Structures are given as structure tokens and as C-alpha cells.
Amino acid sequence: MAKRGKVLINVNDIIGKRLGKLEVISYAGNNYDMTLGGERMRHYYRVECECGTTKLVQRGQLTSEIVHSCGCGRRGRRGY
Ligand SMILES: [Zn+2]
């Protein structure tokens, strides 16, 4: 069985990177999300879209490219 433990990550490793339309500006902090059946640290980043919009996005959504714009580049889907 896989051990569950704290995963230490370098939260700064994606700062300055461009992911799709988004450029990662700064690390914005973290919080615990207990809604997914357990404690889970979530890291947030402030990103700037190429259209000029800034927003906060979860790290996981950035690194997995679930979110790669502020929403301006997508049609037919709401939210991100
Ligand atoms: Zn945009």
C-alpha cells in the first residue's frame, strides 16, 4: 500500500512560468480543503492572463493544465 504522508513541494518552482495564457506571478498561500474526504493542502497562486486579468488558481489546476486561461480563451464552458 502506498503511504500517505505530507508531500513537500517547492511552492516557488512554477513562479514566473507561463502555462497556457497564464503567467504565474506569485505564490498566494495555501489552505486545507476538507471537502474531499480528508485533509488536503491546497496551494494557490496569483496568475496573470495574457488578457490582463489576474486571478487565484490552485496549483494542481495549473500544473495539470486544467486551468490555462482566466476563461477568456474558452467558449461553451463556464467557470475557468
Ligand atoms: Zn484572459
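Close-up 1. Leucine 19 has leucine 22 in β2 as its bridge partner, and arginine 18 lies opposite glutamate 23 of β2. In this predicted model, β1 and strand β2 (residues 22-32) are paired in the antiparallel sense over two bridges. The hairpin that β1 and β2 form has two residues between the strands, and in its turn glycine 20 adopts a positive phi of about 70°.

**Close-up 2. The pairing of β2 with β3.** Strand β3 (residues 41-49) runs antiparallel to β2, to which nine bridges join it. One of the positions along this pairing is asparagine 31, whose bridge partner in β3 is arginine 42.

**Close-up 3. The sheet as a whole.** The four strands make an open sheet in the order β1-β2-β3-β4, with antiparallel pairing. Because β1 (18-19) and β4 stand at the edges and each has a single partner strand, one side of each is left without a neighbour in the sheet. Read along the sequence, the pattern of the chain is β-β-β-β-α, so that its secondary structure comes to one helix and four strands.

**Close-up 4. The nonpolar core.** Seven residues make up the largest nonpolar core, namely Leu22, Val24, Tyr45, Val47, Val57, Leu62 and Val67. The elements that give two or more residues to this core are β2 and β3. Of the 80 residues of the chain, 11% count as buried.

**Close-up 5. The surroundings of leucine 22.** Once its neighbours within four places in sequence are left aside, leucine 22 is in contact with Val47, Glu48, Cys49, His68 and Ser69. For the chain, residues 24 or more positions apart account for 28% of the contacts with a separation of 6 or more.

**Close-up 6. Confidence along the chain.** The average pLDDT of the chain is 82, and 72% of the residues score at least 70. In the chain, confidence is highest in strand β4 (residues 54-58), at a mean of 94, and lowest in helix α1 (residues 59-63), at 90. Where pLDDT is low, the predicted coordinates should not be read in detail.

Technical notes:
Residues numbered from 1 in each chain as written. Predicted model: local features only at pLDDT ≥ 70, side-chain atom pairs only at ≥ 80, totals over all residues. Buried ≥ 20, exposed ≤ 12 C-beta atoms within 10 Å, placed from the backbone. Contact = placed C-beta atoms within 7 Å. pLDDT = per-residue confidence, 0-100. Pairing = 2+ DSSP bridges. Core = buried A, V, L, I, M, F, W, Y, C linked by C-beta atoms within 7 Å.
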